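Subject: A structure for you to look at

Hello,

Here is the structure I promised to pass on. Please open it first, then read my notes below.

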Amino acid sequence: MKIPDDVLQQIVARADILSIIGNYTTLTEKGGRYWGLCPFHTEKTPSFSVQPDKGFFYCFGCHKGGSIFTFLMEVEKLSFVEAVETLGRQVGVEVSRGPGDSGEETRRHEALLELFRRVTGSFHYLFTKTQAGGAALAYLTGRGISRETIDAFQIGYAPADPFWLEGFLKKHGYSGDFLASSGLLRSGKTGRNWAFFSHRVIFPIFSAKGDIIAFGGRILEGDGPKYLNSSESPVFKKGTNLYGFFQAKDAIRREKTAIIVEGYMDVIALHQAGLKTAVAPLGTAFTADQARFLRRFADKLIFFFDGDAAGRKAALRSAEICEAFEFTLYAAALPSDKDPADFVQENRVEELQNLLKCPKTIIEYLLENYFEGASSAGSVLQAIFPYIRSIVSAVRREEALTRLAREFDEIDISVIRADFRRFMDGNRKKEIETSESEKKQSSMSMTPELLLIIASIDNKDDFSYIRSRLSLDDFTQAESRDVFITLEDMYRGESGKGDDFPKDAAEGKGTFLRESGNWNRDALVEGIENKTLREFIIEKLYSGELSENRKKMIQDAIHGIRRRNFEKKQRDVERSLRRLAPGNNGNEALIAELLEEKMYLDGELEKLRKMGNE
Ligand SMILES: [Zn+2]
């Protein structure tokens, strides 16, 4: 699907790039640009910049850059069309879809979100306003949860009748097929479909933007798992979202701190106790994606887990993950057999707040908790070494080892260091293997073909020149062939319109869209599916490598490619001739043909060589 340029321009003109990107990282002005910590790589000092007047962003660390659309594609994992549609919706520009376009997926996303919004509203209504929800409501209010908190988190109730939901939604015009794909129903043998959640307290799961993307359900009575989450769907990935983040966002931003708890009820209890930076992973362990996401808003994390062995282990694993992102880490343990909701229920909010007022540094917490019940110093060290290995700063690593030595005053620090080194050596081999394979994937080097492709994307006139001298057959690299095809399509599509494209349309706010007539450079780059290639091209485009001696570089590259291809053909012809020569039976005509071709190729190559020597 091709989105008309004027639509893109309208969206760019209306969208405030600073406030949109500001949802993902905190930006500060310096020297005409806005700077923040990069959402795409881990860093301590900002190298991510936004230039609102030019309408683009660029990271000097990881070299990602582009328009607001590129940004949304990368950060929300959207296709170009989806990014345009999302932004269009936000700024009130309709992005129309032609027949047979690829917007099917986006439409399904939208429809799912709309369905979840509606279901949330119904569950919340049943919970708060009807008798059916009475038992569920009594459970929550019995736990000391206020009406205000229930509203803020849109908590609801899924009715006990497992067929209620299907009937209700069909009555509202949803098709059976669509509902089947929503994850809200399970197909039954009788043709009727069971609700995935029945007789449960429902915790809607919000995206960072505030869309409802999934549900968690707590059992009220009977058999079954205590908590159930809806399955992953096009709009929901467990490892990247955090429960409560939408409600906690402002507080986390303000305090630059987040409290990590284990479950939904913990988040809700903490928020009600005024600890509004609490978030939780979604029924899984804390992931690197979640840590990376939080790092853009917070410098400090406090793990607030159960005081038992499982809680201890969760704190250790989470700490290992988070050190890579260079948070300052703290932990506080809950007293055994208590969860945060107990404090709220028992009116002991102040005690709960105090537990979190002076959390321990993570190393203190680990030492204290691993000492209890440990059989030997060795076993404590082996448990804590993986965490120390994850500390990025060598100074802080040494600090941690010194702290361990202090704990075991009968063991000399040199012994602990030697032990730690042995532990690291055991792990190093594995690390080297993975980093090598990563390198292989991400490396890409400039070839004459790529140079021409990049120059073409950058400037329509250059493409026009290049295509007059080379054709698709001249390109042998898979990456450049793909892009060449796109450029050809675009070029031919446009030349149909003629060159009388209105000049004034080229003067929009989003200058980047208009750098060369209606040759839409950023849309071209964003259309490239191969991520490594896309990033490579962006880096070269923004680095200005092609601005000096541009004409000469283009000519040399064309020259090199033609010569290479002629030489290859020449070798092929010579090989065929050698194969045919010995017997010679009845092949005279073919040989004559090949000889003729060889003469032609020799001549062309000679010409190219002369040109190259000039
Ligand atoms: Zn970056």
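This is a predicted model, so confidence comes first. The chain has an average pLDDT of 83. At least 70 is reached by 90% of the residues.

Strand β13, residues 278–279, has the highest mean, at 97. Helix α19, residues 413–442, has the lowest, at 69.

Now look at helix α11, residues 264–272. Is it buried or exposed? The helix is mostly covered, with nine of its nine residues buried. Among them are Tyr264, Met265, Val267, Ile268 and Leu270. Asp266, His271 and Gln272 are buried too. After α11 comes Gly274, which has a positive phi, near 90°.

Next, find helices α1 (residues 5–14) and α4 (residues 80–91). They pack with their axes 10 Å apart, at an angle of about 55°. The pair is therefore oblique. The crossing of α1 past α4 is left-handed. Which residues make the contact? From α1 come Leu8, Ile11 and Arg14. From α4 come Val84, Leu87, Gly88 and Val91. By class, this contact has five nonpolar residues, one polar and one charged.

Best wishes

Terms used
Residues are numbered from 1 along each chain as its sequence is written. This is a predicted model: local features need pLDDT of at least 70, side-chain atom pairs count only at pLDDT 80 or more; totals for chains, interfaces and linings use all residues. pLDDT is the predictor's confidence in each residue, from 0 to 100. Helices (H or I, at least four residues) and strands (E, at least two) are DSSP runs, numbered from the N terminus. A residue is buried if 20 or more other C-beta atoms lie within 10 Å of its own, exposed if 12 or fewer, and partly exposed in between; C-beta atoms are placed from the backbone. Axes are lines fitted to C-alpha atoms, for helices over the stretch in contact, and angles run from 0 to 180 degrees between N-to-C directions. Angles under 35 degrees count as roughly parallel, over 145 as roughly antiparallel, 65 to 115 as roughly perpendicular and the rest as oblique. A crossing is left-handed if the near helix is turned anticlockwise from the far one by less than a right angle, and right-handed if clockwise. Two residues are in contact if their C-beta atoms, placed from the backbone, lie within 7 Å. Ala, Val, Leu, Ile, Met, Phe, Trp, Tyr, Cys and Pro count as nonpolar, Asp, Glu, Lys and Arg as charged, and the others, Gly among them, as polar.
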